[in-house]
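User: I have a model open and want to learn how to read its features. Can you take me through them?

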Amino acid sequence: MDFSRFSVVALISCLSFAFSTKAVYSIEKQTPTADVEISQQYEKMSEQNLRQQARAITVKIMAGESWGSGIIIQRKGQSYTVLTNAHVLRMGSNYQIQTPDGKIYRGQTIKAVNFNDDDLGLLSFKSSSNYAIASIAKSPLAMGEKTFAAGFPHESRTWSFTTGKIDYILPKSFQGGYQVGYSNDILKGMSGGPVLNQRGELVAINGRHKFPLWGNPFIFVDGSTPSVQTRSKFEYSSWAVPVATFLNSAPQFSQGVTNQSAASFYTEIEVDSLYSTYAPQTPVPANQTNHSMWIW
């Protein structure tokens, strides 16, 4: 009798242990999976949302008959700050900034930040309208990471969006702060525009297209140059200034926050001719094109 009672108690204990173990295993197994799925959904945006995000933060910078591109990176009251290339600002002095809704504002240079010889510059404009602000990436770039670039190429005269990936992350930069090579097609007019990662964060600033016609853009900051063989490989990539270089000179902009309503807000101008999703054609090698070393 006692033996039977012991057996029943032992059996119940074993079943309880088995049930408990199964419950714990189930919880431990499922929770991380859910966390990973939520994390992936949060981190990666669809290409359509990335296109809308890029459009919402990209402006056209005009001076005379020429133009380049820029990125809205900060708002304080009614004053907006735009990041672009220094060589874009050299095209003139009376700047006009066209925002994603087609409005045009007077732009003024910001000289409070010293970028030394890096190809970066800042403008400001005033508006009571609500424009999206670029979210600045905190994590470092990785080789092969997908990239999404935007700007206003002269060839199409419309806003353009291209896709690609990181080809090179150099241990030291070329003159001008260029350190990131990427496969996106970048044309004249797209200088100063954003390079985004899959989370819609700003990782670099457009600046140099593939296959320069003249000059040698591949000179490191210490004056050295890569071998001819290596340089020929570099020519197949566009080149950008990493956002980390910008933050080294202007750490006050490290708290960029994305306007969460940007994507939905700008769907209403989807068909506007000023903002097509035309993608520039892949440039051909230097001996078959009229591209120069710099693009505006």
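Analyst: We will go from the overall fold to one strand, then to a pocket and a cavity.
This is a predicted model: local features need pLDDT of at least 70, side-chain atom pairs count only at pLDDT 80 or more, and totals for chains, interfaces and linings use all residues. Residues are numbered from 1 along each chain as its sequence is written, and side-chain values use heavy atoms, with hydrogens and water left out.

User: How many helices and strands are there in the protein?

Analyst: Helices (H or I, at least four residues) and strands (E, at least two) are DSSP runs, numbered from the N terminus. The protein has 6 helices and 13 strands.

User: Which strands pair with E8?

Analyst: Two strands pair if DSSP finds at least two bridges between them. E8 pairs with strand E9 (residues 160-169) in the antiparallel sense, over 6 bridges. There, Gly-151 stands opposite Ser-160. E8 also pairs with strand E11 (residues 194-196), again antiparallel, over 2 bridges. Here Ala-149 faces Val-195.

User: How many residues of E8 are buried?

Analyst: In a regular strand, side chains alternate between the two faces of the sheet. Strand E8 (residues 146-151) is mostly covered, with 5 of its 6 residues buried.

User: What lines the second largest pocket?

Analyst: On a 1 Å grid over the protein atoms alone, a pocket is an open set of points with protein on both sides within 12 Å along at least five of seven lines; lining residues have an atom within 4 Å of a point. Volume is the space filled by probe spheres set on the points, which are joined across faces, edges and corners. The second largest pocket holds about 290 Å³. It has 20 lining residues, and Ala-86, Arg-90, Asn-116, Asp-118 and Leu-120 are the closest to its centre. Helix H3 (86-89) and strand E6 (121-126) each give two or more residues to the lining.

User: And how many cavities of 30 Å³ or more does a search find?

Analyst: A cavity is a set of points where a 1.4 Å probe fits but cannot get out. The search of the whole structure finds 1 of 30 Å³ or more. The largest cavity has about 30 Å³ of space. Its lining includes Arg-208, His-209, Phe-234 and Trp-239.

Technical notes: Buried < 20%, exposed > 50% of the residue type's maximum accessible area, 1.4 Å probe, protein only.
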